[in-house]
Amino acid sequence: MASPHAARVHAARVLVASNRGPVSYTLRDDGELEAARGGGGLVSGLSAIEGDTDSLWVCAALGDGDRAAVRRGVGEDGVRMLDIDAEVHAAAYNGIANSVLWFVHHMLYQTPLEPVFDVAFRRQWDAYRTYNRAFADALAAEAADGAAVLVQDYHLALVPGMLRELRPDLRISHFSHTPWAPVEYFRLLPDDIGAELLHGILGADRAGFLTRRWADAFGACCTAVVGGTGDTAVSVHGLGADADFLRERSHRPDVDERMTALRERIGGGGGESAGDRKTIVRVDRTELSKNIVRGLLAFRELLDARPEWRGRVVHMAFAYPSRQDLAVYRDYMTEVRRVADDINSRYGTPDWTPVALYLKDDFARSLAAYRLADVALVNPIRDGMNLVAKEVPVVSDHGCALVLSREAGAYEELGDDAITVNPYDVSATADALHRALTMPDAERAERTGRLAAAATALPPQQWFLDQLNALTSGEQGGG
Ligand code: G6P
């Protein structure tokens, strides 16, 4: 049998592994493949080593287009997509990563009936192992002696341990972009599975988290379940917004066009409220943890409790489809629509539609909304960081008040200048919206300035390089 070293094809010195890669392919009707580049913190972070021919991003083929690309040998330099069996991938990604691990770390279960860890769960867990094994094998084959491998997120929690066994020479890190569950909640998982997950991550030299809170929760789980973190350094790297990119991108003509369209939608140009209609903006994936429904309920309570706002404010909710293979996400989307419609039929007038709900992903339009928002609502029930909270203050044209959940990772850095809320408390959120809407202009501008400074303290490129340097210099964590 060939050793992993013999199978090595690339000899990359820096490798990144994540489920979702930087590029995706769709199969057009004419059979041609169309490539689209993704965004996000990791993509920007990696641009720090762009042009470095020794780097490789290993990711999974996520759909038919990606699979066709792999089979046809289409791809980008520096990216390797793994064509993992579609059923295995579905069981690992939808079944375990998104329906179990995501739920545990975001505490999303309705516990009287779920979770149920039965035989079907065990089968999916086997698929999760197989999928993690495919990454570990590919990384082992591609990595040069002593290379640095940066493994991302809950999808790949077993990879560090597996890779360590295959290639003891590598420097390995794991980074969690999510929160980490408190001990009592983590212990919903079957004991052996919880231990396997922790041992998987502890196969890394370094385990990184977005905030001190999540790092401490991980440490507490390790102490309770496997007796400690052993030789693994636990560290905190709080990903920030990319100010240069955002400022440039948000002033291109396509964003200006969308601002004009949004202003038309907001209205208020005629009648008694001429020109002073305010906007509350939220931009999220339609994700269970984002708390979009309670945000709408808070807006409804605001209109109910303070009728003076009727006709004078529009809630623009950008709720982009996510994980639509899962019924619970589809149902959530339906509920978002239902509550928005309910508010509009209850309070709307011929001249004013209180909620504007946008379901089609459009980055330029999101930036346009950031620029003109008076208030940004970021109220997740739990969130690793939340980059929207960090992006809005950077892009805002005339200052924007931030209503921020204390359960978002960003709270650690932005809490002082935001109006903070308990995300379950709809009445308190309605009050916070009122405070935000009535914040004096000067105060709003000052706070926005401080928020923008805090939000950009660790830009993605630096965030990535810090981790890479810590890994290659063998620095001790503790953070
Ligand atoms: C979170 C996770 C990422 C994930 C993203 C989008 O930010 O930490 O790993 O890629 O959500 O979710 P999706 O399931 O569409 O990849």
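**View 1. The open sheet of 7 strands in this predicted model has the strand order β5-β4-β1-β6-β7-β8-β9, with parallel pairing.** Two strands are taken to pair if DSSP finds at least two bridges between them, and the strands (E, at least two residues) and helices (H or I, at least four residues) are themselves DSSP runs, numbered from the N terminus. Because β5 (79-82) and β9 (233-236) stand at the edges, each with a single partner strand, one side of each has no neighbour in the sheet. From one strand to the next, the twist averages 20°. Within the sheet, strand β1 (residues 12-17) pairs with strand β6 (residues 143-152) in the parallel sense over 5 bridges, and Ala-12 has Ala-143 of β6 as its bridge partner. Residues are numbered from 1 along each chain as its sequence is written. As the model is predicted, local features need pLDDT of at least 70 and side-chain atom pairs count only at pLDDT 80 or more, while totals for chains, interfaces and linings use all residues; side-chain values use heavy atoms, with hydrogens and water left out.

**View 2. An open sheet of 6 strands runs in the order β12-β11-β10-β13-β14-β15, again named here with its parallel pairing.** The edges are formed by β12 (355-358) and β15 (419-421), each of which has a single partner strand, so one side of each is left without a neighbour in the sheet. Neighbouring strands are turned against each other by 20° on average, direction ignored. Strand β10 (residues 278-285) and strand β13 (residues 375-378) run parallel and are joined by 2 bridges, and Ile-280 stands opposite Val-375 in β13. Helix α14 (residues 387-395) packs on this sheet, touching β10, β13 and β14, and its direction makes about 170° with that of β13. Helix α16 (residues 426-437) also packs on the sheet, touching β10, β11 (313-320), β13, β14 and β15, with a direction at about 170° to that of β15.

**View 3. The axes of helix α4 (residues 119-142) and helix α7 (residues 191-202) come within 13 Å and cross at roughly 15°.** Axes are lines fitted to C-alpha atoms, for helices over the stretch in contact, and angles run from 0 to 180 degrees between N-to-C directions. The two helices α4 and α7 are therefore roughly parallel to each other, where angles under 35 degrees count as roughly parallel, over 145 as roughly antiparallel, 65 to 115 as roughly perpendicular and the rest as oblique. The contact (heavy atoms within 4.5 Å) involves Phe-121, Arg-122, Trp-125, Tyr-128 and Arg-129 of α4, together with Asp-192, Ile-193, Glu-196 and Leu-197 of α7.

**View 4. The axes of α4 and helix α5 (residues 159-166) come within 9 Å and cross at roughly 45°.** On the α4 side, the contact is made by Arg-129, Asn-132, Arg-133, Phe-135, Ala-136, Asp-137, Leu-139 and Ala-140, and on the α5 side by Val-159, Met-162, Leu-163 and Leu-166.

**View 5. The pLDDT, the predictor's confidence in each residue from 0 to 100, averages 95 over the protein, and 96% of the residues score at least 70.** Among the elements, helix α1 (residues 41-46) has the lowest mean pLDDT (89) and strand β14 (residues 401-405) the highest (99). The pLDDT is below 50 over residues 1-7, a stretch with 7 contacts in the model beyond near neighbours in sequence.
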